[in-house]
Amino acid sequence: MMPASWILLGFWVISCFGLSNSDNFGDRGSKHSVSYSYDRIGEVNKACAFVLKSAAVLKPDDSRLYTIKEELSFLNGDWWQELNGGGAPLMPFDDRGVSADDDLRSPINLASFWVTDVGRRLHSKNSILVSGILQLGVTLEGLLSEKPFEGSPRFDIWPGHSQLSVIFQGIYTESDGERVMCLLGSAVLPSRQPDSGDPWGWVKESGYTNQPLLSQDDRIVLVLRYPKMVSLRSRAVHGSVRSLNPKSNLKYFDEVRISSLLRSSANYQFDSGNLVSKACEPYPYKDSSVSGDVDVYKGLDFCDILERFTHQEALTIFPNWKCNGTDEFCSRLGPFVSDKEINATDGSFKDAKLVLQDVRCENMTSSDNSRLMRVSSVFRAVPPSENRFTAAQRTGLGNMTLSAEGIWKSSSGQLCMVGCLGGSGCDTRICLYVPLSFSIKQRSILIGTMSIIDISHSPYFPLAFEKLVRPAELWDQFTSTHPYYKYSKIDSAGAILERDEPFNFGTVIKKSLLKFPKMEDMGNFHYSLSLLAEDLTLHIAAVPDPFPKTFLAKADLEMEILSLGPLFGRYWPGKYDSTLQKEIPYSDKGEYTESQLLLNVSGQLTLVGNKYSNFSSLFVEGIYDPHVGKMYLVGCRDVRASWNTLYESMDLEAGLDCLVDVMISYPPTTARWLVNPTARISITSHRTEDDPLYFIPVKLQTVPIMYRRQREDIISRRGVEGILRVLTLSIAIACILSQLFYIRDNSESIPFVSLVMLGVQALGYSFPLVTGAEALLRKASSEFSENQSDDLQNSQWLHVIDYTVKILVLIAFSLTLRLCQKVWKSRIRLQTRAPLEPHRVPSDKKVLITTLTLHVFGYIIALTVHYVSTSYKPLQTAQFVDSTGYSHVIREWETELEEYLGLVQDFFLLPQVIANLMWRIHVKPLRKLYYIGITSVRLLPHVYDYITSPIPNPYFSEEYEFVNPRMDFFSKFGDIAIPAIAVLLAVAVYVQQRWNYEKLSETLRVGRAKFLPLGSKVYERLPSVSPEAELSSGVNKNSRPEEERDTE
């Protein structure tokens, strides 16, 4: 019975889960959860009488009746009201989400409509019952792509976003040339305040988002008109939303207009041949998009290539750098009606984009037997502040859209189209190409222009646009036509190489000892080039070089390798080649001459950051020298200045500033654990400082970068550090053993070994045993997680090293405790000899207090220095992500304390120095091998840190590291200062044990001034001892040490 119950329960849970998922992926307000009663159909017939009057008779077997729900819904169209400074607006908008930096940014009005139900039979001979839901929104971000709940209308508002959902029921009809829906709706409208200059005053009150003032209204009429056949001039849905309330009613609102493209499933009719001929005759039209030395695509897959490179992608708009006219003429964005944001760019069109939508193609054969294709699409201009991905989803037609149609012939490779602004006035000519040849001045995989057909109309300078090529996109039909790159700046790049790399001994050593990214397999030439291009590609954060003392935000750096040697893009063995999934191993041959290793290279360098806003993109071309891992490049900068500035700059090449030198230095692939694995970039201008296109030199250093063989380097570095830990711990154990042997033979010095000093060492060894941290080389090792990769987990020899380290730490800890035990027992025996004079027994009480006081003051000073040096950034007290991806909560004072505890261990001799001064010793409590050896062991991590990479974990992004390696005890200064002080403490111990206290006091005496008091109570003889006691002690002096050793 019990198993059956569990099975039934499982089926119930699965069914519930399935239903919930179906709600997510299907219609949330489906007919299973909402019933459609059409209880207002009488009101609908009355409100929609003007539609029914012209409606045609519907045929019950018409197949279009079964596609209404899919074809007549639309998303993210436009809506607007013609208020003319007054009137009755539909809804409020809270502009408190607009920052001071976005004064030019305007909210967008979006409209989405879903047909939710279609009657199964005709309501009358000329209509069908339908239901739907309309959502209108005003927003700064986001789209209206998710259908709202159908059960009830609603209104939502928050800063930067308002949306109204209206539930409709009505009729569907058809008339000559169009399909019409007329519906009556119910809504909850935001309430306007009567007799007020600000009808939405309640929006400015706090807490309005929880309880907005709403009023029920069921007198709303929606009329949507759809073309039966989609064409150049009739490809949009047009609609209106009207209030049936009188104007005196507070629920009244002025008419809302709606516009949207039809879904791509609607059939398109190419019937604008006359308009296309007018725009493109004689074909191909002679325009300035491409010069004679640029080859263009003429293959059979033009439409596929066009769709792939424009789907959800943005096209870059060229500045009007050739324009010479009035400011109004040269600042205009082609045929589009520019808003204030685009006008503010002053003809540079910085960050303004174009997107292509609804691309449709139809193949034909021309009279000359060449391949002919008819193409239709919509061009949408995107203001700088609008998200281009959001813009690609919008479907409204207006003054920022061109509905276009044209022809493409394989004989010329030109796509020539006629464009209609907003789908009406058709006075724009569009020419578009797909180039096959590339150069430093031609990086476009799509390039085109928009120009006016009839110059008697409102003129504008031809608008040029492009789609920049990206190597990752070059893998399909386009690549099969063998695009190529033309190098033209190699001589200039060679001059940069000669200026930067004069012959010197350091360069020879660098070339012979270090290896940098290079071709690894000459037998598979193109594949090896492709792998090298991947290593040279950078997508990473960068900071100024050298790192500034004041905080500066990082820049995002991208270096895309477009061509390397004869290879353009990347090497793809074959679309269905199974070897694509297999890694071809490296084969180091070392058979390359210097001339063979020098490679021509081209790419695109992009910097994203407030300080680098003048580098929208930098096209580079030059030489890569694998001997030293450097690129010597000539750069052509995409300048975004006003049209007037660009026109007056007579030395531009294709609108680009090519008077730029770029050098990129890559880290070596070998000895990465000794060298900072970061790339360095230098960008300089050849222009004079009074030139408006001049920029100050830019020097950047990236965060650590990864090569393809990164995982092997991680294992190599950890292995080296593990061996060093084994070595240093072994030396430490040997030093502790030597001290144990020393005190066995020198029992009189045992009590004068400081227990505080031994306690510091014992704590240092106990922490790793309790917490699992590393005992030595903690800085370099603590960032490596045992769970970083399967390779690390499966590396048996690393596990052997880790276990060996733990065993050695346990041995060192045990031996240190043995030392503490011997010192403690020796003091107990000394106390029993002189129970009435405890001052003769060394005590660590004052030593401990003095040491703690010094370290507390030292910690306060360290905190003060830290906060002064990091005052430019906020305190990090929240969560941070470590290299393994786990989040932790940590405070900076805790991190500083953890670092300072390491400093306490480095200064382990400080308590012994203080004790020697307080006890005024005449003996040698510590063996030289012990304190010099332990000091050397403690200093080794600092020496290692100084000569290795300054970043503790060079294999993960700097964003995942909490401690700044350039500050505090992990800094280069700390790696020098801390060893120097530790050496001074060792010298102090040596001097204290070398000279007795009286000699040291006399040495430090200047005139009558005494730096140290004379005498030592510890070594005063006991006058109360009788001669018999002395004789007794003399008789037993040889046997007593043996007994003591036995008791120990």
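Me: Helices (H or I, at least four residues) and strands (E, at least two residues) are DSSP runs, numbered from the N terminus; in which strand, then, is aspartate 217 found?

Reply: Aspartate 217 is found in strand E7, which covers residues 214-227. This is a predicted model, in which local features need pLDDT of at least 70 and side-chain atom pairs count only at pLDDT 80 or more, while totals for chains, interfaces and linings use all residues. Residues are numbered from 1 along each chain as its sequence is written, and side-chain values use heavy atoms, with hydrogens and water left out.

Me: Why is aspartate 217 said to have no salt bridge?

Reply: A salt bridge needs a side-chain nitrogen of Lys or Arg within 4 Å of a carboxyl oxygen of Asp or Glu. Lys and Arg count as positive and Asp and Glu as negative, with His and the chain ends not counted, and the nearest side chain of opposite charge to aspartate 217 is lysine 251, at 5.2 Å.

Me: What lies 3.1 Å from a polar atom of the side chain of aspartate 217, and which residues is aspartate 217 in contact with, leaving aside its neighbours within four places in sequence?

Reply: The backbone nitrogen of arginine 219 lies at that distance of 3.1 Å. With contact taken as heavy atoms within 4.5 Å, and with those neighbours left aside, the residues that aspartate 217 touches include Gly185, Ser243 and Lys251.

Me: How do you know whether serine 685 is buried or exposed?

Reply: Buried means under 20% relative accessible area, exposed means over 50%, and partly exposed is in between (1.4 Å probe, protein chains only). The relative accessibility of serine 685 is 14%, which is under 20%, so serine 685 counts as buried. Serine 685 is found in strand E27 (residues 680-685), and, leaving aside its neighbours within four places in sequence, it is in contact with Leu659, Tyr694 and Phe695. A polar atom of its side chain lies 3.2 Å from the backbone nitrogen of arginine 687.

Me: What makes cysteine 303 and cysteine 361 a disulfide?

Reply: A disulfide is a pair of cysteine sulfur atoms within 2.5 Å; the two sulfur atoms here are 1.6 Å apart, so cysteine 303 and cysteine 361 form one. The pair links distant parts of the chain, since cysteine 303 lies in helix H6 (residues 302-310) and cysteine 361 in strand E11 (residues 353-365), 58 residues apart. Cysteine 303, at 7% relative accessible area, is buried, whereas cysteine 361, at 30%, counts as partly exposed.

Me: How many disulfides does the count come to, and what pattern do they follow?

Reply: The count comes to six disulfides, and with bonded cysteines counted along the chain they follow the pattern 1-2, 3-8, 4-7, 5-6, 9-10, 11-12.

Conventions
A polar contact is a pair of N or O atoms within 3.5 Å; within protein, one must be able to donate a hydrogen and the other to accept it, and residues adjacent in sequence count only if both atoms are side-chain atoms.
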